[in-house]
Amino acid sequence: MEEMKPSEIFSNVDEQLLNHLDEISTPCYIIDEAMLERNGQILKDIQDQTGCRILLAQKAFSNFALYPLLSNYLAGTEASGVYEARLGKWEMPNKEVHVFCGAYRQEEFVELLAYADHIVFNTISQLKKFGPMAKEAKKSIGLRINPECSTQEGHAIYDPCAPGSRLGVTREVFDRQMDEQTFRLLDGLHFHTLCQQDAADLATTLQAVEEKFGDLLPAMKWLNMGGGHHITRTNYNRDLLKQILVEAKEKWNVQVYLEPGEAVALNAGYLASRVLDFTENSGIQTAILDASAACHMPDVLEMPYRPPLYQEQIQGPCSFRLGGPTCLAGDVIGDYDFSAPLKENDLLLFGDMAIYTMCKNNTFNGMPLPGQYRYTKEGELKPIRQFSYYDFKSRL
């Protein structure tokens, strides 16, 4: 997909919000309620028009303070283990809770049965081990399949269809390990192959799913197409998505599920930071911020990518590298151009910081966790939570 424009990412940033930021300590995350509602309405419209059900993948956004808002638009939550399942059950009550995990622990599975409605297994061996227990508890049981169809470019770490992947059962393994009694446990199939992709990639993937596993689908009650769908992005092909969902539902008579994470909270958050100091080396000026890529936006290093910045002026006269205060030499956010030289205490606002930030941040080097705020539709900045030394200590 094309890179998002700043006007899209920072569409809700105004002088009122910037004035609020002058009054609070940084670094801090700000969640934009208006953007969450905008995303939620798009997802609700997709559900209303196709009959699919859309879940929040909590691995991307798990700030439960906003779950009451999101529950107006979503069918429930998707979890990657017992803790997320519990969070979804308790904080978005009366909604569906689905869970997928690479492997379940014996001692946690009984507790998981108290929270989850759908349980998806990654291997046939775990399906055989835990499936009868889940069936007895009247849970809907699924198996993750691997259609061996890679559609991603440039992000191998996020490609579950890469050769040797540990995620999902290939058809060769399915045919070799599955038996009739175990197959009867299944209510649905699950695949997750995309990452920040458009509906055309879903169409390609679904064709591979049909070629490899289509003979199994008429026996299923549901088909979960996973996440990675950038549905709420402005240039996403939502018409094609709706066509795909309706055709799959009608062809196989299944309930279709999607479980996006990014699409729910896309462009719905910011990370505010201030300049602490400057260094210079080999002609490169680096501004040291109070926010860290390694600690507060780890996907910058893991993906990797360069996060959007509100104050950036493309091809501006002043260039700075932005880095964090930790001892990690690679704690670098990126290189940016500005209209004027940065100064100590200047405020910088990074965009699209609701996803994969708060749920992945850490206290490496004893870095404080950023505070959390919500920016309301009425233009108020309300605190959600502040962190202290004791939050750092309790994680050690």
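Please keep in mind that the model is predicted. The count of salt bridges comes to 23, and the largest nonpolar core has 95 residues. Helices α10 and α11 pack with their axes 9 Å apart.

**Salt bridges**

- Let's start with E111 and R86, which form a salt bridge with their closest N and O atoms 3.7 Å apart. This pair links distant parts of the chain, since E111 belongs to helix α6 (residues 106-112) and R86 to helix α5 (residues 82-91), 25 residues apart.
- Both partners are partly exposed: E111 has a relative accessible area of 29%, and R86 comes in at 32%.
- R321 and D335 bring their side chains together in a salt bridge of 2.7 Å, N to O. R321 sits in strand β12 (residues 318-323) and D335 in strand β13 (residues 332-338), so the bridge ties together parts that are 14 residues apart in sequence.
- The relative accessible area of R321 is 27%, which makes this residue partly exposed. D335, at 41%, is partly exposed as well.
- E312 pairs with R306 in another salt bridge, where the closest N and O atoms are 3.1 Å apart. R306 is partly exposed, with a relative accessible area of 35%.
- For a linked group, have a look at R105, E107 and E108, which are joined in a network of salt bridges.

**Nonpolar cores**

- Within the largest core, of 95 residues, those with the most contacts are F61, I119, L189, M225, L322 and F350.
- Leaving aside residues up to four places away in sequence, F61 touches I31, L36, L56, L66, Y67, L70, A265, A354, M358 and C359.
- Another core, of 18 residues, lies apart from the largest one; M4, L17, L21 and L266 are among its members.

**The α10 and α11 pair**

- Helix α10 covers residues 199-213 and helix α11 residues 238-252, and the two pack at an angle of about 20°. Because angles under 35 degrees count as roughly parallel, α10 is described as roughly parallel to α11.
- The crossing of α10 past α11 is left-handed.
- On the α10 side, the contact is made by A199, A200, L202, A203, L206 and E210. The α11 side contributes L240, L241, I244, A248, K251 and W252.

How values were computed. Residues numbered from 1 in each chain as written. Predicted model: local features only at pLDDT ≥ 70, side-chain atom pairs only at ≥ 80, totals over all residues. Heavy atoms only, no water. Salt bridge = Lys/Arg side-chain N within 4 Å of Asp/Glu carboxyl O. Helix = DSSP H or I, 4+ residues; strand = E, 2+ residues; numbered from the N terminus. Buried < 20%, exposed > 50% of the residue type's maximum accessible area, 1.4 Å probe, protein only. Core = buried A, V, L, I, M, F, W, Y, C linked by side-chain atoms within 4.5 Å. Contact = heavy atoms within 4.5 Å. Axes fitted to C-alpha atoms, helices over the stretch in contact; angles between N-to-C directions. Parallel < 35°, antiparallel > 145°, perpendicular 65-115°, else oblique. Left-handed = near helix turned anticlockwise from the far one by under 90°.
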